[in-house]
Amino acid sequence: MSTTERIIPAPITNPENQEYFDACARDVLLVGKCQACGEHHFYPRRVCPHCFSDDVKWVPAKGGGTIYTYSTMHRGVPVPYTIAYVTLDEGVSMMTNIVDFTPGTLAIGQRVNVVFKAAEDGTKVPMFKPA
Amino acid sequence: MAAACENAPGRRMSTSDSNSPAAPGTRENANTMSINGRAYIVGAYEHPTRKAPDKSVAQLHAECARGALQDAGLAKNDIDGYFCAGDAPGLGPMSMVDYMGLRPRHIDSTDTGGSSYLAHVAHAAQAIAAGKCSVALITLAGRPRSEGSSGTQARNYGANAPDMAYEFPYGMATANGYGMVAMRHMHEYGTTAEQLAWVKVAASHHAQYNELAMLRDVVTVEDVIHSPLIADPLHRLDCCVVSDGGGALIVARPEIARSLKRPPVRIRGVGEAPKGQMGGRVDLTYSGAAITGPIAFAEAGVKPADIQYASIYDSFTITVIVQLEDLGFCRKGEGGRFVADGNLISGVGRLPFNTDGGGLCNNHPANRGGMTKVIEAVRQLRGEAHPKVQVPDCRLALAHGTGGQLGSRHVGATVIMERE
């Protein structure tokens with residue numbers, strides 16, 4: 001990537017998702033897990049998007065996954081960065097950035113692990129780097 | 001968002017299950033209210049501007065409305081239904097109805113991004129079929145070029161947008177969202193950058209004849225793949241233009257359409273469907289068109305091979321390939337091969353598309369390409385496209401739009417129309 005660090009925009013939080021970012025501050029990635037249908041979901045909600053039960057817990061993900069797809073923004077931005085969907089080992093895919101990699105080495109299907117990076121206001125957000 | 005039969009309470013709604021396409025024969029099904037043949041597009045107007053620093057957005061809406069009325073041969077007081085989307089300034093229909101001095105008895109401000117205006121055609125037909133209005137005006141206008149809008153900047157929809165906190169830090173803009181779709185398509189199906197480029201090449205062949213198009217130079221596959229990489233694998237020439245401007249449509253009852261001097265364009269089938277991340281079961285290989293296409297074709301009673309001209313939403317080259325597959329013009333995964341070698345060029349290929357030059361070369365007003373898709377389809381059906389790109393005896397056309405983001409969540413909308 002570039003020697004200049006990208007400034008990560010702060011997440012725009014609301015009362016429902018504050019718990020997620022509180023967990024990120026402890027380097028924990030939460031995913032939704034419905035206690036009624038047993039399915040995981042992402043991004044986490046208080047009502048299951050699959051069966052619509054409100055018996056949902058937000059549980060720690062193991063932190064590993066594979067790259068579903070990615071794209072590096074090369075122009076029109078101060079510092080190039082790579083957006084991606086990573087499919088977590090829990091089975092759900094999340095939008096994220098891939099960081100700390102050698103340019104030209106990424107591939108769909110590649111194993112990655114979660115890493116937490118501080119946004120411009122200090123809030124930590126989950127990103128992924130090659131395993 | 002039931003497309004075709006929301007006024008059939010208590011009856012089976014054949015288009016309401018977004019996971020199962022409507023059964024063939026919907027058109028003749030006495031238990032559903034089809035819009036097939038119940039409304040006509042009688043007026044269409046594309047604003048000639050592509051850069052309007054000295055006009056207001058409301059003014060552009062009104063100028064488009066005037067143009068469509070003039071095209072139809074109708075007057076402002078004939079309008080009794082008004083449709084607009086998120087590009088309408090202020091409080092949307094409230095502001096615009098007041099600005100234009102309209103007196104509608106039916107209003108719809110459904111906003112599905114760039115596909116809104118195809119949904120509005122569907123909703124106008126439904127409203128007319130239900131007797132809620134007789135002459136519907138649909139307007140779109142915006143000035144993203146003058147206001148410095150860019151497809152590389154992430155959009156902030158605020159803290160109440162439920163997905164915002166989970167996406168904004170990652171810089172989800174327009175270009176890289178579609179870049180992710182293209183990357184996955186290449187991985188799954190072997191689609192190449194050269195095949196993507198063919199979509200732009202075809203659009204440029206059409207745009208050379210449109211004196212109002214922003215990009216009129218014919219380009220080659222090499223031009224596209226050697227243009228600067230924006231969000232890989234998408235190059236600058238894989239992206240649509242950013243333009244000021246707008247357009248308007250008038251949809252009317254059959255008796256009114258037949259009383260006017262313009263060739264009547266009958267609305268035969270419509271479909272609309274959202275598609276998102278499905279709670280984390282992300283699948284970027286298909287779009288809402290996979291749902292709307294079968295619904296619209298069933299209502300129209302036709303099949304993809306019957307379509308003589310197609311307006312296909314072209315925010316990016318990959319958008320066209322995914323939607324062509326989903327609409328059934330080719331099989332899933334074969335879109336790259338389908339568009340190659342000029343297959344979308346009028347007079348050359350099997351499926352003439354976007355003969356005005358599309359969003360890729362002509363116009364993408366307000367960053368929303370759905371309105372111009374319908375307008376060019378109407379031109380083709382009337383025989384009023386440029387002679388160099390006019391499809392001979394064009395009787396059946398399809399327009400499809402994708403609003404929002406193929407890479408996260410969007411709404412597809414399809415309209416099939418026919419010259420009577």
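**First stop: a strand pair in chain A**

Select Gly65(A) and you will find Val112(A) opposite, in S7(A). This is a predicted model, by the way.

Now follow S7(A) onward to strand S8 (residues 124–130) of chain A. These two also pair in the antiparallel sense, over seven bridges. Click on Ala118(A), whose bridge partner in S8(A) is Lys124(A). Five residues lie between the strands of this hairpin, and Gly122(A) takes a positive phi there, near 95°.

**The three-stranded sheet of chain A**

Next, pick out S2, S1 and S3 of chain A. They form an open sheet in the order S2-S1-S3, with antiparallel pairing. Its edge strands are S2 and strand S3 (56–60) of chain A, each pairing on one side only. Strand S1 (residues 30–34) of chain A is joined to S2(A) by two bridges, and the pair runs antiparallel. Show Gly32(A) here, and look for His41(A) opposite, in S2(A).

**Chain A as a whole**

Zoom out and colour by secondary structure. A compact globule of 131 residues would have a radius of gyration near 14 Å, so the 15 Å of chain A agrees. Colour by burial, and 40% of the 131 residues come up as buried. Among contacts between residues at least 6 apart in sequence, 48% join residues at least 24 apart.

**Where the chains meet**

Bring chain B into view. At the interface, 35 residues of chain A are in contact with 34 residues of chain B. On the chain A side, strand S2 (40–41), strand S4 (64–73), strand S5 (81–88) and strand S6 (93–97) each supply at least two of the touching residues. Which of the elements gives the most? That is S4(A), with six residues. Colour this side of chain A by class and you get 20 nonpolar, 14 polar and one charged residues. For the complex, the predictor gives an ipTM of 0.97 and a pTM of 0.93.

**Over to chain B**

Select the strands of the open nine-stranded sheet in chain B, ordered S3-S2-S4-S7-S1-S8-S11-S10-S9 with mixed pairing. Strand S3 (106–108) and strand S9 (309–312) of chain B stand at the edges; each has a single partner strand, so one side of each is left without a neighbour in the sheet. From one strand to the next, the twist averages 20°.

Now show helix H1 (residues 57–72) of chain B, which packs on the sheet and touches strand S1 (40–46), strand S4 (135–142) and strand S7 (245–252) of chain B. The direction of H1 makes about 40° with that of S7(B).

Move along to strand S10 (residues 396–404) and strand S11 (residues 410–419) of chain B, an antiparallel pair joined by nine bridges. Click on Gly401(B) to find its bridge partner in S11(B), Ala413(B). Helix H9 (residues 317–327) of chain B packs on the sheet too, touching S9 and S10 of chain B, and its direction makes about 125° with that of S10(B).

**Last stop: confidence**

Finally, colour chain B by pLDDT. Its mean is 93, and 92% of its residues reach 70 or more. Over residues 1–30 of chain B, though, pLDDT stays under 50.

Key. Residues numbered from 1 in each chain as written. Chains lettered and ligands numbered in written order. Predicted model: local features only at pLDDT ≥ 70, side-chain atom pairs only at ≥ 80, totals over all residues. Contact = placed C-beta atoms within 7 Å. Helix = DSSP H or I, 4+ residues; strand = E, 2+ residues; numbered from the N terminus. Nonpolar A, V, L, I, M, F, W, Y, C, P; charged D, E, K, R; others polar. Pairing = 2+ DSSP bridges. Axes fitted to C-alpha atoms, helices over the stretch in contact; angles between N-to-C directions. pLDDT = per-residue confidence, 0-100. Rg over C-alpha atoms; globule rule 2.2 N^0.38 Å. Buried ≥ 20, exposed ≤ 12 C-beta atoms within 10 Å, placed from the backbone.
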